[in-house]
Amino acid sequence: MDFGSVLLIAIGLSADCFAVALGAGTSGKAISRLQMLRVSLAFGAAQALMPVLGWLAGKTLVNLISDYDHWAAFGLLLAIGGRMIWESFHSKDDEAKERDYSRGLPLLILALATSIDALAIGVSFAFLSVNIVVAVLTIGIVCFLITGMGFLAGRKAGQLLGKWAEAAGGIILIGIGIRILLTHLL
């Protein structure tokens, strides 16, 4: 897998984090730079850790399903992307906007919840020719930056953009899955 594809995956995975940061930014509640930094670091770290865990799990399965690995990667990306698109059009909990998610257990739970998709991506990386170190560093850094951008954009943008950002991330992941499948089949 080339760096461009890894970068697009990183952007797609960051859509949930962007949407959360955007929602927090548009909530009208004052958010300090320290809070933005904590959330961005936690999201970036979780997005970088989860693909490693998925990759390790996938490496144990790679010999069992190597003939079908492109289908597995396609299926995982399709499922993740489809879920992201579906969730982008369903309302989030309004009560969540009133809580401070920038520290402690709430931050940990939110970071893990937004990075579950990255775990599945890591499994698909095990079936593909991916430099896992470059991939997870790219994913972590891109997520950190995009989360920060979400907070900044949230101050200026409406909540509608958050829905479209998450849908766009899902479409990107599905597109990459189709590309992987077509590359192996053609």
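**A loop residue and its surroundings**

Analyst: Asp 67 is found in the loop between H2 and H3; helices here are DSSP runs of H or I with at least four residues, and strands are runs of E with at least two, numbered from the N terminus. This is a predicted model, in which local features need pLDDT of at least 70, side-chain atom pairs count only at pLDDT 80 or more, and totals for chains, interfaces and linings use all residues. Residues are numbered from 1 along each chain as its sequence is written, and side-chain values use heavy atoms, with hydrogens and water left out.

User: Is Asp 67 buried or exposed?

Analyst: Asp 67 has a relative accessible area of 61%, so it is exposed. Buried means under 20% relative accessible area, exposed over 50%, and partly exposed in between, with a 1.4 Å probe and protein chains only.

User: How far apart are the C-alpha atoms of Asp 67 and Phe 127?

Analyst: They are separated by 9.7 Å, although the two residues are 60 residues apart along the chain.

User: What about Tyr 68, where is that?

Analyst: Tyr 68 is placed in the loop between H2 and H3, and it counts as exposed because its relative accessibility is 56%.

User: Which helix gives the largest share of the patch?

Analyst: H7 does, with 3 residues.

User: Switching to the inside: which residues have the most contacts in the largest nonpolar core?

Analyst: They are Ile 9, Leu 13, Ile 121, Phe 125 and Ile 180, in a core of 25 residues. A nonpolar core is a set of buried Ala, Val, Leu, Ile, Met, Phe, Trp, Tyr and Cys residues joined through side-chain atoms within 4.5 Å. A second, separate core has 12 residues, including Cys 17, Ile 31, Phe 43 and Ala 111.

User: And H5, how many of its residues are buried?

Analyst: In H5, 9 of the 11 residues are buried, among them Ile 121 and Phe 125.

User: Then H4, which residues are buried there?

Analyst: In H4, residues 104-114, the buried ones are Leu 107, Leu 110, Ala 111 and Thr 114. Seen down the helix axis, they fall within an arc of 100°, so they line one face of H4; the arc is that of the directions from the axis to the C-beta atoms. On the other side of H4, Leu 105 and Ile 109 are exposed.
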